[in-house]
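Dear colleague,

Please find below the structure that I am handing over to you. My notes on it follow directly after it.

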Amino acid sequence: MADGAVAQFKILGSFEAWAGGRRLHVGGKQSVRALTVLLAEADRVVPLSRLIAATWDGEAPATAGHQIRKIVADLRRRLPDGAQLIVTDGPGYRLEASRADVDLARFDALLAAAQRARISSPRDASRVYAEALHLWSPLLAGEGGDVIEALSQLVHSRWLRAAEDCMELRLALEPAAEVVSSLVDLAQREPLVEGLRGQLIRALYLAGRQAEALREYDSVRRLLAEELGVDPSPGLRAIYAAVLANDEAAMRPSGVAERPEMPLEATLPVTALVDQATQRHHLDDPFGPTTLPRRSGSVVGREHELAQVRALMNNEVDSTARIVVLHGLGGMGTSALAIHIAHEMAELFPDGQLYVDLRAHVTQPGETGLDSALEQLFHALGQSPEEIPTSLRAKIDRWRMLTARRSMLLVVDDVPNGAALEPLILSGPTSLTLATAHSRLPEVSGSHGIRVGPLTPEACLELLRRSVNPQRIERESEAAVTLAHLTGGFPLALQLITTHLRRREHESLETLCDRLAEEGSSLDDLSVGGRSLENTFHLAIEELDAEHLRALSEFARFPWVGIPVPRGAAAAWLDLPPGRAAAVLGDLEDSHLLDARDGAAYDMHGHLRTFVRRQTEPLSDAVVAARGSALLRYLGAGASRAAGVLAPGRRTLGSAPDLSGVPLSRVITPAQARRWFSDHHPLLRAVILRAEGTEDPIVIAHLARDYAVHLLEAGLVSTGQEVGEIAVRVARAARDRELERLSLSNLALFQWRGGELDAAIEALRAAEKLAEAIKDRQGQAAVLARLGAFRIDTGLLAEGCADLERALETLLAGQDRERASALNSLSSGYLRRGDLHRAASAAAESLNLDDSAFNAGLSKLHLASVAEARGDLSEARDLLDGARAAYELTAGSDRLALVDAHVAWTAARQQDGPGMVAAMAAAESAIEAVPAVRRAQLENLLALADAAGGNLTAARARHARALQHATSGNQPFEAAMALRGLAEATAALGDADIGSDFAARANEECQRIGGSPVWRFGPD
C-alpha cells in the first residue's frame, strides 16, 4: 500500500482499521488476531510462539510458524508503511508505536494525563478520566481467544483502577447525589469490585440515604459470600462501621493522593516469562518437543483447580512452588485435567511439553517405572541411544543437566509415591512439573497439592449435554438430572455413561437410570470395553495392607450410610484405639478412599462403598452387635460429658449407665462441648431415630436426654420433638419411670417452643403424675416450675407465678440449674404483670445461681426489659450487649433475634438511627428461625421500634401481624400488647375512634389475664 497515510486502529471492541478516511481490510480472523497482539504490545517484541498461540487459540497447525510469516508479510502489504510499521526483531516481531494511531494507546495516554492532573487540576483530571473510561470495551469484543482475553483482562484492571480514581475525584468535587447514578451503573457492571461498591455506599450516605447505604453493604456482603465464599475486605467493613457510627468525616474523600503510573508491561508477568524464555532458548519449533496426549474432550467444573495452577504461574503465590500434584481417587479425572492444563499453558514453556505415565512403565510389583520413563523422556528430547547413560543414577543426573536451564512443562501421570517423582522434577525457575497421583504425596518438598474431588451435579449435567445429543437430553431432562446425580460426580462414570448412550441411541435415559439406581448395579453398568469403575477401584486398594483393608471394609459397613462419622465414633466402630484409628483413617484419607469433612468426620463415596462391600467378607451378626454397642457407649459417654459441661449441676439419675473407661477426646470448656455436639449431631440424630427395639434402651434414653441440651441451646425444635418422643417411648419400654418423667418434661419443652402448647401441657401433666407415683418431690417441683412457665405464656399469669413460687419452695438449694430456670420464668411472669421490682430481683438471683450462656442471656434480657420499662436506656443497652455475648456462644438464633429487636427499640428511643436500622435488619434476617411461640413477641418489639422511630404505618402493620400470631398461638399477653400498640399507632395516624376501640380491647384483655402494659408502654 502507498506510504504517507498513518493508519488508525480500533481494537477496544470490534476491530477496525482506517487510513485516509477509508476503512482497511487487513485479512481474515487469523490476521486480525495477530495484528491485535502486535498493536496491544506496541514497541515490544512479540515472540513467534505467542503470535501462534493468539492466532489459533490452542489449535495451531503443524505449519503455524510458516503461516505466521505469511500473515505478517500480507499485513505489511495491506497497511500504510507496513514494512516500517511491523519489523522483524530477534525471535519475533515488533510494531512501531510511533507509526500507528491505536485506541488502546489513546486510552493509556488519557489515563497517564489524568494521573498527572490529579493534584494540580482535579476537575480536568475528572474530565479526562471520563473520556478514557468511555473508550473501554473488551479487546476484539471478547472474541479474540484466550491470549487476547488475558491481555484484555489486564487492560480491564487498569480501567477499574481508573474508574475508582475518577469516582473518588467526583466525590471530592461534586455533590454526592450527582455521583450516585454513575456509581450504581458501575456497581451493576462490576458487582464484585469492592472499591466501587464502597464508593457507592459512601455516596449514598453522603447523599442522606443512610438506609440504602446499609442495604448496599448487605447486598455486597451476601454476593461475596455466595460467589466467592469470602467476607468483605477490611476497607469495606470500615466503611460499613462508619455508616453505623454516623461518622461523616470518615466517609468524605480525604484528599486525592497521587498514584504512580504503571506501564502496561509491568502488569504482564506471564508475557514476560514467555518472552524471556523464548529469547533465551529459541528453537526452530517455537513450542519445542511435545509429547502431550490429545485432550479428551471438555473439562467442566474444574475452574477452581485451573485457577490455582494459573496463580502459580502468574506469581500470585510463592514463585518457588513449581511442582503441582493433582491428587484424587481413581476415576476423578486427574489425568484428563492435567493434560488439559498442559495444553492450556503450552505457550509458557517454549522448550518443550513432555508427558510420561509412570504406571505404564511398571512391569512387576514394587517397581517405580522410573528407569524406563527416563529413557522415553530422553528420546523426546532428541537424545540418541548412545547418549543415554546405562545406570539409573547417571540417567537422573543427565536429566537434571539437560533440563536445568530450559523452560519446560513435564506431566508425570499416575505417580505411585514421592520417591518415584523426585528424580523427574524440573529444576528450571520457569518450568513446571505437573503430577497426578492417588494420594497427596506430602513427602515431595515444595509441592503444591490440589485435591480433585467429585464434580457437582450441575457440572455432570453440563458434560452430558456436551457429550450426548442435546435434543435427547432436553427431551428427557428429568432423567438427565437423575443420571447426573447417579454418577456420583465421577468423570470416568460420566464418560462411560455417555459412551453407552452414544452406542444405544434408542435406549431411553430413564431406562438407564432405573438400572443404575438398583443396589450395586451401577458398577456393572458403568463398564465399557474393559474400562470400569471396578477396575479403577481395584487399582486404588490393591496395595493396602491387611490392617487398612480391614478398616476400609468395616467402614463400608457402617450402619448409617451417608452420615459423616466423627473420628472417635469411627474408632469405636472399627474396634481400634483412638490413636491408631486416627493414623489408619488419615492414611485412607490420603489415598482418597475416605473423604474427611472439616477434619473431624469421615465418609466414603457411594460407588466405592458398593465395590468394597462386594470385594470383602461381611461382618458376622455378633460382631455387628458388639460394634454397635461400642459405638452407642461412645456416643453416650461423649454426650454425657458435653451436656455436663454445658448444663452443670444437672440431676444425676440412678439408672444412668456406667460409661467409665470409654476413650473420649478432650471436652472441658463450653466451646469444646458445643464443637463435640456439632461434629456428632447428624450421627446422634440418626442413631436415636432408629433406636426403638435396641438392646440398650437405657443408654438410648440417657443419650436422648443429654442430646436435648444441645438441641435446646441450638434452637433445633423439630429435631428436639422427634428425639423427645422416641426418648419417652424407650424409657417407657425400659420401665424406668424416673427417666420417663424427665423425657416427658424435655419433650414438653420442645413442644412448647414449637407452638404446640396443649400437647406440651398434656406431657407435663403425665410427667407430674409419674413424679407423684414414684414420690419424687424434686421431680414434681421441676415439673411444676415448667408448668408455671407454660401457664404464663398462655396468659394464666397469677396461676403460673404461683406454681413457680411453690416450685421454688420445694427445689433444694443444690439444684441451682433448676432454680435458676424457674426464677427466670418467674421474672417473665412478673414483667407481664407490671411488677418490675420483683422481676428484676428474680432475674438477678437467677443470674447469680447459674451463669451458663443460655441462662445468663435470658437473665440479662429480663433485666434489660426492666431497665427499658424504667427508661434507663443506657443500662438497657449494656445489658442487651451482655445478653448478645452470652447467646452468641450458643446457636440460639431465635433468642438473638429477640435481643436485636430490643436493641432496635432502645436505639430508636435514644434517637440512634443507624443502631436501630442495623438491629432491625439483623432481627428481620432471623425471623424465619424464630419459633412460633416467640414470633408475636418479636413482631411487637419491632413495631415498638418502628413507632419510636416515627414510622407509624410500619408499626401498625407489625402489631397487626403480632396479633395474628398471638391469637393463633394462644398467647393473650402478646395479643393485648399488639392491641395496645395498634391503639396508639392508629390514633397517632389520625383515626382516634378506631384507636379507642383497640385500646378498650387491650384493657379488657389485660384485666382478664391480670397483665399490665407497663413493661412495653410505661404507666398509664
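Is Trp573 buried or exposed? Trp573 counts as buried, since its relative accessibility is 1%; buried stands for under 20% relative accessible area, exposed for over 50% and partly exposed for what lies in between, with a 1.4 Å probe and protein chains only.

Before the remaining findings, some remarks on the source. The model is a predicted one, in which local features need pLDDT of at least 70 and side-chain atom pairs count only at pLDDT 80 or more, while totals for chains, interfaces and linings use all residues. Residues are numbered from 1 along each chain as its sequence is written, and side-chain values use heavy atoms, with hydrogens and water left out.

Overall description

The chain has 1020 residues, of which 53% count as buried. Its C-alpha atoms fill a box of roughly 105 × 80 × 55 Å along the principal axes. The secondary structure comprises 48 helices and 17 strands; these are DSSP runs numbered from the N terminus, with helices being H or I of at least four residues and strands E of at least two. Among contacts (heavy atoms within 4.5 Å) with a separation of 6 or more, 67% join residues 24 or more positions apart.

Nonpolar cores

A nonpolar core is taken here as a set of buried Ala, Val, Leu, Ile, Met, Phe, Trp, Tyr and Cys residues joined through side-chain atoms within 4.5 Å. The largest has 117 residues, and Leu326, Phe555, Phe677 and Leu683 touch the most other members. Helix 32 (residues 697–714) contributes the largest share of this core, with 10 residues. Another core lies apart from it and has 85 residues, including Phe15, Val37, Tyr93 and Val128. Phe677, with neighbours within four places in sequence left aside, is in contact with Ala639, Ala642, Ala643, Leu646, Leu684, Asp706, Tyr707 and His710.

Aromatic rings

Nine aromatic pairs are found in the whole structure. Rings of Phe, Tyr and Trp (its six-membered ring) pair if their centres lie within 6.5 Å; planes under 30 degrees apart count as stacked, over 60 as edge-to-face and the rest as tilted. The pair of Phe558 and Trp573 is edge-to-face, because the ring centres are 5.6 Å apart and the planes stand at 80°. Phe558 lies in the loop between helix 26 (546–556) and strand 15 (565–566), and Trp573 in helix 27 (residues 567–574), so this pair ties together parts that are 15 residues apart in sequence. Phe558 is buried, with a relative accessible area of 2%.

The pair of Tyr634 and Trp676 is tilted, because its centres are 6.4 Å apart and its planes at 50°. Tyr634 belongs to helix 30 (residues 621–646) and Trp676 to helix 31 (residues 670–689), so the pair ties together parts that are 42 residues apart in sequence. Tyr634 is buried at 5% relative accessibility, and Trp676 is buried at 5%. Elsewhere, ring pairs link Phe490, Phe537 and Phe611 into a cluster.

Helix 1 is mostly covered, with 10 of its 12 residues buried. Helix 5 (residues 103–120) has 18 residues and reaches 26 Å from its first C-alpha to its last, close to the 26 Å expected. The buried residues of helix 5 include Leu104, Phe107, Leu110 and Leu111. Its buried residues are covered by elements including strand 1 (7–10), helix 1 and helix 7 (146–173).

Backbone points to inspect

Ala141 is not a glycine, yet has a positive phi of about 55°. Ala141 sits in the loop between helix 6 and helix 7 and is partly exposed at 39% relative accessibility. Arg735, also not a glycine, has a positive phi of about 60°. Arg735 is placed in the loop between helix 33 (717–733) and helix 34 (737–753) and is exposed at 76% relative accessibility.

With kind regards

How values were computed: The expected span of a helix is 1.5 Å times one less than its number of residues.
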